[in-house]
Amino acid sequence: MEGETFLWLIRHAPVDGVTGTIHAADAPADLGGRAQLEALRQRLPRDAASYASPSRRTVETACALGLEPLQVGEFSEQNFGDWTGRRHDELAATGGEAYARFWSDPARGRPPGGESFEDQVARVRLGLSRIDTGSATLVVHSGTIRAALCIALDLTPQAALRFAIDPLSLTRIDRLATGWRVVSVNQRTI
């Protein structure tokens, strides 16, 4: 793809649900941080293309930011399969060998019925390749942002999992004719 693409990647607002849960796609966003949402909105480019994962929390966050995103399945969070909807502490106590094995190699490990982070990186790479030149905002998940950073920095998936990506944080990367540039990672607005 010719030309330059400037990406504003926003992690969705916190989930309005039980902490420590592997949330399903229909988990709602907690949009109570109005000042933080407004400060973030002020930092976004005007007239940029807008994208979001099809998850409820990302779409709700995008709308709270005044965006009308195109929903892109490739930007969904990692699929945790049979573990979706369950709490990590419960899985640690009852998940047996499969749960322990997953966390011994989280980049390549696959939850039962789910996908690995490596799979997510490949999916996000496809989604990013479909974004046209110019400015674009993406309201997505922490795993999606880590995957984009993995691609931009040519990291191993294992190394990309080291990034901390907070709710309502902003990460900026650019796809240039000469390669990728990382402008900022996990910026907080307040």
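This is a predicted model: local features need pLDDT of at least 70, side-chain atom pairs count only at pLDDT 80 or more; totals for chains, interfaces and linings use all residues.

Reader: What makes strand 1 and strand 4 a pair?

Author: Two strands pair if DSSP finds at least two bridges between them. Strand 1 (residues 5–11) and strand 4 (residues 134–140) are joined by 7 bridges and run parallel; therefore they meet the criterion of at least two. Within this pair, Thr5 stands opposite Gly134. Strands here are DSSP runs of E with at least two residues, and helices are runs of H or I with at least four, numbered from the N terminus.

Reader: What is the strand order of the open sheet, and why are strand 3 and strand 6 called edge strands?

Author: The open sheet has 6 strands in the order 3-2-4-1-5-6, with mixed pairing. Strand 3 (70–71) and strand 6 (179–187) are its edge strands, as each pairs on one side only. Helix 6 (residues 142–153) packs on this sheet and touches strand 1, strand 4, strand 5 (170–176) and strand 6.

Reader: How do you know that strand 5 and strand 6 are paired, and in which direction do they run?

Author: They run antiparallel and are joined by 6 bridges, against a requirement of at least two. A hairpin through 2 residues connects them. Ile173 has Val182 in strand 6 as its bridge partner.

Reader: Why is Ala152 called buried?

Author: Buried means under 20% relative accessible area, exposed over 50%, and partly exposed in between (1.4 Å probe, protein chains only). The value for Ala152 is 11%, so this residue is buried. Ala152 lies in helix 6 and touches Ile173, Trp180 and Val182, not counting residues up to four places away in sequence; contact means heavy atoms within 4.5 Å.

Reader: What makes a group of residues a nonpolar core?

Author: The term denotes a set of buried Ala, Val, Leu, Ile, Met, Phe, Trp, Tyr and Cys residues joined through side-chain atoms within 4.5 Å. The largest such core has 23 residues, of which Leu7, Phe75, Leu128, Ile131 and Leu138 touch the most other members. Helix 6 gives the largest share, 7 residues. A second, separate core of 14 residues includes Ile10, Leu37, Leu44 and Leu67.

Technical notes
Residues are numbered from 1 along each chain as its sequence is written. Side-chain values use heavy atoms; hydrogens and water are left out. Axes are lines fitted to C-alpha atoms, for helices over the stretch in contact, and angles run from 0 to 180 degrees between N-to-C directions.
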